[in-house]
Amino acid sequence: MTDDRQPATDEDLALIDGWTAWVADHAEPAAVLDSHDAIMDHLTGLLAEDFIAEYGGEEFFAFGIVWGEALRMKNDGWKWVSIPTEEGRTLVLDVSADDSLADPQALVAPGHLMARRAGMTERQDLRMLETLLMSDIRT
């Protein structure tokens with residue numbers, strides 16, 4: 001498989017900003033999502049309010065992208081890139097600058113990880129998912 005990752009474009013970053021604003025607006029007043037902890041606290045609160053039951057895969061993809069922003073903020077060198085898919089392109093995190101990874105070419109797809117959880121009835125613990133993700137990709 002050819003690695004065809006490309007840097008996120010201004011349009012891609014605007015999409016991320018839009019999804020972040022959409023998720024932030026699910027609080028009154030809108031949540032300030034300017035750090036890993038702020039994002040994780042807000043997302044955890046949304047999950048406690050049955051965010052999963054209310055929305056489907058597309059919305060949960062956006063939720064996952066915001067979770068990815070939290071991961072990016074916490075991990076030096078992680079950056080958004082675009083990769084080809086059957087439908088066109090999608091956004092994933094390029095984590096190749098992280099020296100502690102088992103696979104230096106690894107990509108993390110937080111939007112897709114979350115979209116697969118849409119419709120699940122059990123509670124999601126994002127901090128546990130982060131811990132599991134990190135244990136899977138660290139050396």
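Trainee: Is N75 buried or exposed?
Mentor: Buried means under 20% relative accessible area, exposed over 50%, and partly exposed in between (1.4 Å probe, protein chains only). N75 has a relative accessible area of 8%, so N75 is buried.

Trainee: How far can I trust this, and what is the average pLDDT of the chain?
Mentor: This is a predicted model: local features need pLDDT of at least 70, side-chain atom pairs count only at pLDDT 80 or more, and totals for chains, interfaces and linings use all residues. Residues are numbered from 1 along each chain as its sequence is written, and side-chain values use heavy atoms, with hydrogens and water left out. pLDDT is the predictor's confidence in each residue, from 0 to 100. Here 89% of the residues score at least 70, and the chain average is 86.

Trainee: Which residue's side chain makes a polar contact with that of N75?
Mentor: N75 is in the loop between helix 4 and strand 2; helices (H or I, at least four residues) and strands (E, at least two) are DSSP runs, numbered from the N terminus. Leaving out residues up to four places away in sequence, N75 touches M134 and R138, where contact means heavy atoms within 4.5 Å. A polar contact is a pair of N or O atoms within 3.5 Å; within protein, one must be able to donate a hydrogen and the other to accept it, and residues adjacent in sequence count only if both atoms are side-chain atoms. At 3.1 Å, the side-chain partner of N75 is R138.

Trainee: Which residues does L43 contact, beyond its neighbours within four places in sequence?
Mentor: L43 is one of the buried residues of helix 2. Past those sequence neighbours, its contacts are V23, F63, V66, W67 and L126.

Trainee: How far apart are the end C-alpha atoms of helix 2?
Mentor: The expected span is 1.5 Å times one less than the number of residues. Helix 2 has 13 residues, so it should span 18 Å, and the distance agrees: 18 Å.
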